[in-house]
Amino acid sequence: MIVLIDADGVLEDLSQKWVTYLNEKYGTSVRYEDLTEWDMTPAFPSLTRDQVYEIDRDEEFYSRLEPIPGAVEAVGRLLEDGHELYVVTTTPYQVVKPKMERAIFRFFPCFTWKNIIITANKHLIRGDVLIDDGVHNLMGGDYRKILVTAPYNRNFDAEANGMIRVGSWDEIYRAVSAMAADEKES
Ligand SMILES: [Mg+2]
């Protein structure tokens with residue numbers, strides 16, 4: 001199957017590190033677990049939108065990222081199982097290089113530039129399944145949808161919207177494998 005995988009919050013922990021970065025820099029004490037929206041601006045009322053998004057200009061920030069637990073192993077297993085994997089990310093063009101070099105390609109040497117799709121319109125990409133933690137990215141799109149649980153999507157009714165909710169890379173692996181078995185049967 002063609003498996004489309006989001007980067008931030010799915011392959012690496014950008015969202016968690018983003019909160020820590022802002023807390024350190026501005027003395028705020030926001031907890032990642034308390035985020036209610038994917039857009040972090042409302043969680044930091046004392047900061048301007050520009051201040052919240054300045055990580056986009058700080059290449060050093062990307063060296064802080066770490067892989068989401070289980071991601072490296074599961075990606076390896078999916079490749080072994082013969083799936084075609086693509087990273088589909090809305091990374092701003094200014095930071096594509098640091099994010100790829102300092103995080104994605106470092107943690108997942110199996111990926112090259114040929115596996116990367118940069119777009120703010122994920123619904124236009126063709127594939128069998130999209131794995132994402134942003135509900136807005138999973139709306140529309142002609143593929144199956146796996147929603148990775150995060151604080152900012154926990155109140156969203158995934159099932160009612162045709163998505164499978166998962167909480168770990170183990171569950172992602174099992175969900176993708178079940179879809180593949182399904183497809184073979186039909
Ligand atoms: Mg994401």
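**Entry 1. Ile118 and its strand**

I began with Ile118, which counts as partly exposed because it has 15 C-beta neighbours inside 10 Å. I note at the outset that the model is predicted. I located Ile118 in strand β3. Setting aside neighbours within four places in sequence, I found Ile118 in contact with Thr89, Thr91 and Val96. I then looked up the distance from Ile118 to Glu24: the two are 94 residues apart in sequence, and their C-alpha atoms are 29 Å apart in space.

**Entry 2**

I next asked which strand pairs with β3 (residues 116–118). The partner I found is β2, and the two run in the parallel sense over three bridges. Within this pairing, I recorded Ile116 of β3 as the bridge partner of Val87. I followed the chain from β2 through helix α4 (residues 96–107) to β3, and this β-α-β crossover is right-handed.

I also looked up the pairing of β2 (residues 84–89) with β1 (residues 2–5), and here four bridges join parallel strands. In this pair I saw Leu4 opposite Tyr86 of β2.

**Entry 2. β4 and its partners**

I turned to β4, which is joined to β1 by three bridges, again with the strands parallel. I noted Ile131 of β4 as the bridge partner of Ile5. I found that β4 also pairs with strand β5 (residues 144–148), in the parallel sense and over four bridges.

Which way do the residues of strand β4 (residues 129–132) point? I found Val129 and Ile131 pointing one way, and Leu130 and Asp132 the other way. All four residues named are buried. I set beside this the general rule that side chains in a regular strand alternate between the two faces of the sheet.

I placed Asp133 in the loop between β4 and α5 (135–138). Is Asp133 buried or exposed? I counted 22 C-beta neighbours inside 10 Å, so Asp133 is classed as buried. Beyond four places in sequence, I listed the contacts of Asp133 as Asp6, Gly9, Val10, Val148, Ala150 and Asn153. I also looked up Arg165, which is 32 residues from Asp133 along the chain; the C-alpha atoms of the two are separated by 9.5 Å.

**Entry 3. Met163**

I found Met163 in strand β6 (residues 163–166). Met163 counts as buried because 20 C-beta neighbours lie inside 10 Å, and the cut-off for a buried residue is 20 or more. Leaving out neighbours within four places in sequence, I recorded contacts of Met163 with Leu138, Lys145, Ile146, Leu147 and Ala158. I checked Thr112 as well: Met163 and Thr112 are 51 residues apart in sequence, and 28 Å apart from C-alpha to C-alpha.

**Entry 4. Helix α1**

I compared the length of helix α1 (residues 14–26) with expectation. At 1.5 Å a residue, its 13 residues should span 18 Å, and the end C-alpha atoms are 18 Å apart, which agrees. The expected figure uses one less than the number of residues. I listed the buried residues of α1 as Leu14, Gln16, Lys17, Trp18, Val19 and Leu22. I found α2 (49–52) included in what covers them.

I located Asn23 in helix α1 too. With 15 other C-beta atoms within 10 Å, Asn23 is partly exposed. Not counting residues up to four places away in sequence, I found that Asn23 touches Thr28, Ser29 and Val30. I looked up Tyr53, which is 30 residues from Asn23 in sequence and 13 Å away in space, C-alpha to C-alpha. I noted that Gly27 follows α1, with a positive phi near 70°.

**Entry 5. Two domains**

I consulted the domain assignment, which gives domain 1 (2–13 + 66–185) and domain 2 (14–64). I found 22 Å between the centres of domain 1 and domain 2, taken over C-alpha atoms. How many residues of each domain are in contact with the other? I recorded 16 residues of domain 1 in contact with 16 residues of domain 2. On the side of domain 1 that touches domain 2, α4 supplies the largest share, four residues. By class, I noted seven nonpolar, four polar and five charged residues on that side of domain 1.

Methods: Residues are numbered from 1 along each chain as its sequence is written. This is a predicted model: local features need pLDDT of at least 70, side-chain atom pairs count only at pLDDT 80 or more; totals for chains, interfaces and linings use all residues. A residue is buried if 20 or more other C-beta atoms lie within 10 Å of its own, exposed if 12 or fewer, and partly exposed in between; C-beta atoms are placed from the backbone. Two residues are in contact if their C-beta atoms, placed from the backbone, lie within 7 Å. Two strands pair if DSSP finds at least two bridges between them. A crossover is right-handed if, with the strands pointing away from the viewer, the path from the first strand over the helix to the second runs clockwise. Domain bounds come from an automatic or database domain assignment. Ala, Val, Leu, Ile, Met, Phe, Trp, Tyr, Cys and Pro count as nonpolar, Asp, Glu, Lys and Arg as charged, and the others, Gly among them, as polar.
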